[in-house]
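Here is a short briefing for a first look.

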Amino acid sequence: MLSKEPKKNLLLQSFGDSINVAVIGANGGIGQALVEQLSLSYCVENIFSLSREGNDDQVFNSKGIQIDLEDETTIADAASAIRKTVHALDVVFVATGILYSHNNILPEKSWKTLDCGSMEAVFRINTIGPALVAKHFLPLLSVKKRSALAILTAKVGSISDNFLGGWYSYRASKAALNMIIRTLSIEMARRNADAVCVGLHPGTVDTNLSKPYQRGVEPGKLFSSKKSAKYLLQVLDSMSPKNSGFIYSWDGVELPF
Ligand SMILES: NC(=O)c1ccc[n+]([C@@H]2O[C@H](COP(=O)([O-])OP(=O)(O)OC[C@H]3O[C@@H](n4cnc5c(N)ncnc54)[C@H](OP(=O)(O)O)[C@@H]3O)[C@@H](O)[C@H]2O)c1
């Protein structure tokens, strides 16, 4: 549904005026909330909302584009479509991810349930997908000014913070994603000293992804997508190149690898 709410925030103002932002995973719980918040920012000119559906009906200054992270051609085509519309992007936000699927993937409680096909699918979406987004979208990112690639990761992807076990594929795919983020940050800095590349943990957020696993969450610790999206955009706004290559929580606290 098109929202024509008046602009009312200054989110991402550190990137300048009239900026262009791409949100990959714009139909997800957090992705959709990011698009909504961005549409209310005085600083944002164009939002490219990329999703598997490619729907165009989110907010008035957003253009829907189809993308499937499991099909590299669609990633390349999506980047080309953006290049035809704007000269450059200021921020690319990757908000895709999978923990389970309704047909066959469940987070593993034990090594006994490890399954090659499920692990591959989780890695394709959580690790390889964002890496391919970087391959096709980093050439679109501004080189002459501050710009950013932000990718949603998860606290459970921290190796040193893992004292609970379980969720092998999800944890490992996010740990590997964190390495991709770190490596991208090094290459990006050579191209633009003002570039930022960070992994962001959104908190525990009330979305389809967390729905089956919300039982043990303390009251007040389960964020709405809107609240998480605002925090994430504020944290990204506060990041400088010295933060690049690291992982941060929704409150700006650095997380261990
Ligand atoms: N929710 C939490 O508590 C929580 C906690 C920590 C980290 N995170 C991370 O936050 C990110 C967003 O999660 P969420 O909570 O917003 O989950 P969500 O509502 O399930 O959204 C996930 C999004 O990923 C998209 N996606 C999945 N496979 C895709 C593919 N092959 N190509 C393109 N898009 C694909 C989905 O697209 P469709 O709409 O087409 O299905 C959906 O839009 C994920 O990386 C997740 O790991 C979430």
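**Around the ligand**

α1 gives the most to the shell around the ligand, supplying three residues. Helices (H or I, at least four residues) and strands (E, at least two) are DSSP runs, numbered from the N terminus. This is a predicted model: local features need pLDDT of at least 70, side-chain atom pairs count only at pLDDT 80 or more, and totals for chains, interfaces and linings use all residues. Residues are numbered from 1 along each chain as its sequence is written.

- The ligand is surrounded by 28 residues, and the closest are Gly28, Gly29, Gly97, Thr207 and Leu209.
- At least two shell residues come from each of α1 (29-39) and β7 (204-205).

**Helix packing**

- The axes of α2 (residues 72-85) and α3 (residues 116-137) come within 9 Å and cross at roughly 35°. Axes are lines fitted to C-alpha atoms, for helices over the stretch in contact, and angles run from 0 to 180 degrees between N-to-C directions.
- Glu72, Ile75, Ala76 and Ala79 of α2 meet Leu132, Val133, His136 and Phe137 of α3. Contact requires C-beta atoms, placed from the backbone, within 7 Å.

**Overall form**

- The protein has five helices and ten strands.
- Its C-alpha trace spans about 50 × 40 × 35 Å along the principal axes.
- Of contacts between residues at least 6 apart in sequence, 69% join residues at least 24 apart.

Methods
A residue is near a molecule or strand if its C-beta atom, placed from the backbone, lies within 6 Å of it. Two residues are in contact if their C-beta atoms, placed from the backbone, lie within 7 Å.
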